[in-house]
Each structure stands twice: as structure tokens, then as C-alpha cells.
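Please read this briefing alongside the sequence and the three-dimensional view, which are shown just below.

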Amino acid sequence: MPDLAAVITRCLGGDADALEDLVGAVRDRIYRLALRMTGCPEDAQDATQEILVKLLTRLDTFRGEASPMTLVHRIAVNHLLDRRKSTV
């Protein structure tokens, strides 16, 4: 796995290749989490795409005080919990 903090810094600097690197580095982890929380592969796929969009639009909130995976995990879990609430 690449150094995600460096990849995020490159993303924030406008490097389009870094966006691909970031998505490639976290997509599978997000999908596995989404699958565990939704129990449905199709819902997990949809949620993964939605989470990736949220992640990319919220990269500027990364301050480097914690692991980049903490940011990814927080965004993913919050999205999945909100999604679950909206379907109940």
C-alpha cells in the first residue's frame, strides 16, 4: 500500500494520477466494510462508490494528525450508518 498521506498531499496539489492511486489503495477495504455492514454485494458496491465520492470531496479535511485510513474509515462508517438509518 502506498504512503496514503503522501498520496493525499499529491491529490490536494492537483495530481490526477494521485486520485487514481488513492482510490486503488482504499477501494477494496471500503467494499469489504460496506459488505459487512450491508450484507448485500449490490448495496455494498453502491455504497463503495458513494463513499469514494465523499472521500475525494473531503480530502481537504485531512490534517495529518491521524492515519489517513482513520479518515477513510470514519467517512465510510458514517456514510454506512446514515444509509442504514435512511432505509429503516
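The protein chain holds four helices and zero strands, where helices (H or I, at least four residues) and strands (E, at least two) are DSSP runs numbered from the N terminus. This is a predicted model, in which local features need pLDDT of at least 70 and side-chain atom pairs count only at pLDDT 80 or more, while totals for chains, interfaces and linings use all residues. Residues are numbered from 1 along each chain as its sequence is written, and side-chain values use heavy atoms, with hydrogens and water left out.

**Overall form**
- Read from the N terminus, the elements of the protein chain follow the order α-α-α-α.
- The radius of gyration of the protein chain is 13 Å, close to the 12 Å from the globule rule for 88 residues, so the chain is as compact as a globular protein of that length; the radius is taken over C-alpha atoms, and the rule is 2.2 Å times the number of residues to the power 0.38.
- Along the principal axes, the C-alpha atoms of the protein chain fill a box of roughly 40 × 20 × 20 Å.

**Contacts**
- Of the contacts (heavy atoms within 4.5 Å) in the protein chain between residues at least 6 apart in sequence, 57% join residues at least 24 apart.

**Burial and cysteines**
- Buried residues account for 34% of the 88 residues in the protein chain, with buried meaning under 20% relative accessible area, exposed over 50% and partly exposed in between (1.4 Å probe, protein chains only).
- Cys11 is buried at a relative accessible area of 11%, whereas Cys40 is partly exposed at 22% relative accessibility.
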